[in-house]
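We will go from stop to stop, picking something and looking at what surrounds it.

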Amino acid sequence: MDKDRVTLQQAPARTGPLAGLKVLELGQLIAGPFAGKTLADFGAEVIKIEPPGAGDPLRKWRLLKDGTSVWWQVQSRSKKSLALDLRTPEGQDLVRRLAADSDVLIENFRPGAMEGWGLGPEELQALNPRLIMLRISGYGQTGPYRNRPGFGVVAEAMGGLRHLTGEPGRVPVRVGVSLGDTLAALHGVIGILLALQHRHNTGEGQVIDVALYEAVFNCMESLLPEYSAFGAVRGPAGSALPGIAPTNAYRCKDGAYALIAGNGDSIFRRLMTLIGRDDLGRDPSLADNAGRVARVAELDDAIGAWTSTRSVNEVLAALEGASVPGGRIYTVEDIACDPHYLAREMLQTVRLDDGTGLTVPGIVPKLSRSPGSRDRNAPALGQDSVEVLRGMGLNKAQIRELIERGIVEAR
């Protein structure tokens with residue numbers, strides 16, 4: 001930015017159910033920013049604070065277009081970028097001033113980092129007792145592991161998910177996306193909404209402590225009570241779901257796989273009629289899930305024999321006609337061409353600065369009266385620094401000095 005010209009670029013006013021909510025996002029990469037993205041999708045003003053120079057490392061992750069990750073257009077849509085050096089006293093003071101006038105602060109640094117900058121909950125809530133502070137970390141703010149560095153892949157393993165993935169007897173595989181981070185972010189958003197309701201009732205802010213591994217563990221269904229009651233240690237089961245039958249991936253004549261979930265009692269009977277095995281459908285020992293689990297290999301063989309003589313399209317058409325849940329395994333190419341995705345507005349095109357289009361995921365959940373929206377592209381580094389600082393009352397000379405000293409970056 002030309003240091004002799006400190007211009008103000010006003011961002012459009014936000015709309016949606018969270019319009020008027022002011023959020024500071026101090027996190028980077030995935031978990032904290034995903035929480036901020038979700039709030040921004042529904043109207044919150046999210047000011048993303050990034051380090052000058054490189055910004056959020058996610059800007060350079062995976063596949064780049066014109067030097068910037070295309071992922072960035074998803075993770076940071078509708079946000080403002082303030083490039084600010086948190087390692088400096090001046091940068092820390094600016095965060096305090098922003099927090100004093102904010103509703104929510106999101107951070108996903110290692111525990112203790114915020115306190116080291118003088119930005120811990122005690123300091124910030126003394127300035128603003130109504131402030132809600134979401135803290136996402138690998139292991140939480142307390143406990144013997146709190147100081148360990150934690151990424152999503154580690155959380156997925158500690159939370160119990162990694163042990164269940166893959167084929168029996170082989171190395172457990174990871175899910176191909178950062179699921180632990182995303183689950184933690186969504187738990188964080190839930191926590192923010194709960195804290196907003198508490199604040200509405202009492203006027204009090206609070207701290208939300210989300211651990212990545214706990215967010216994963218929270219989704220592990222019956223894993224722990226089964227161990228507690230029976231000493232059962234569930235292991236990987238490939239494409240099946242242990243204890244629920246029949247549900248699996250079945251190979252079709254064309255080499256594709258059909259996912260079939262025939263585990264409801266009435267659904268099972270319809271499925272058996274469809275595949276010409278009414279003898280199994282009428283068998284009293286298979287009338288409930290427990291009986292079917294005991295004979296799951298026999299059922300899978302019967303279903304697999306039927307799918308092996310038909311293409312996946314023929315299998316899915318027959319399943320739909322019989323009201324049996326079934327589906328194919330989608331690649332991203334399948335997603336991008338699917339009419340249902342399109343009809344549900346889950347494939348949206350954004351126009352980049354170079355004039356080209358980029359397809360990005362739509363917004364979920366879908367609200368009937370106050371749906372989410374994207375009102376601007378993901379920001380360039382420091383794109384909104386001047387607007388944010390001017391909104392805090394700094395004049396041109398003060399902003400210019402911060403820029404010249406490298407504490408703030410603007411463009």
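Select Leu259 and then its bridge partner, Gly327 in strand 11. The model you are looking at is predicted, so local features are described where pLDDT is at least 70 and side-chain atom pairs count only at pLDDT 80 or more, while totals for chains, interfaces and linings use all residues. Residues are numbered from 1 along each chain as its sequence is written, and side-chain values use heavy atoms, with hydrogens and water left out.

Helices (H or I, at least four residues) and strands (E, at least two) are DSSP runs, numbered from the N terminus. Now colour strand 10 (residues 257–261) and strand 11, which pair in the antiparallel sense over three bridges; two strands count as paired if DSSP finds at least two bridges between them.

**Stop two: the loops around it**

Pick Pro246, in the loop between helix 9 (223–230) and strand 9. Ala245 and Pro246 are joined by a cis peptide bond, with omega about -10°. Then go to Ser323, in the loop between helix 14 (312–321) and strand 11. Its phi is near 55°, a positive value in a residue other than glycine. Ser323 counts as partly exposed at 49% relative accessibility, where buried means under 20% relative accessible area, exposed over 50% and partly exposed in between (1.4 Å probe, protein chains only).

**Stop three: the largest core**

Select Val23, Leu39, Ile106, Leu134 and Ile192, the residues with the most contacts inside the largest nonpolar core, which has 37 residues. Such a core is a set of buried Ala, Val, Leu, Ile, Met, Phe, Trp, Tyr and Cys residues joined through side-chain atoms within 4.5 Å. Helix 7 gives the most to this core, with seven residues. Zoom in on Ile192: leaving out residues up to four places away in sequence, Ile192 touches Leu39, Val104, Ile106, Ile132, Leu134 and Ile208, a contact being heavy atoms within 4.5 Å.

**Stop four: helix 1**

Is helix 1 buried or exposed? Of its 11 residues, 11 are buried, so helix 1 is largely enclosed by the rest of the structure. Show what its buried residues pack against, including strand 1 (22–25), strand 2 (45–50) and helix 2 (72–75). Just after helix 1, click on Gly43, which takes a positive phi of about 105°.

**Stop five: Ser137**

Finish at Ser137, in strand 7, buried with a relative accessible area of 4%. Which backbone atom does the side chain of Ser137 reach? It is the backbone nitrogen of Gly140, at 3.0 Å. Leaving aside neighbours within four places in sequence, Ser137 is also in contact with Phe109, Pro111, Val210, Ala211 and Leu212.

Methods:
A polar contact is a pair of N or O atoms within 3.5 Å; within protein, one must be able to donate a hydrogen and the other to accept it, and residues adjacent in sequence count only if both atoms are side-chain atoms.
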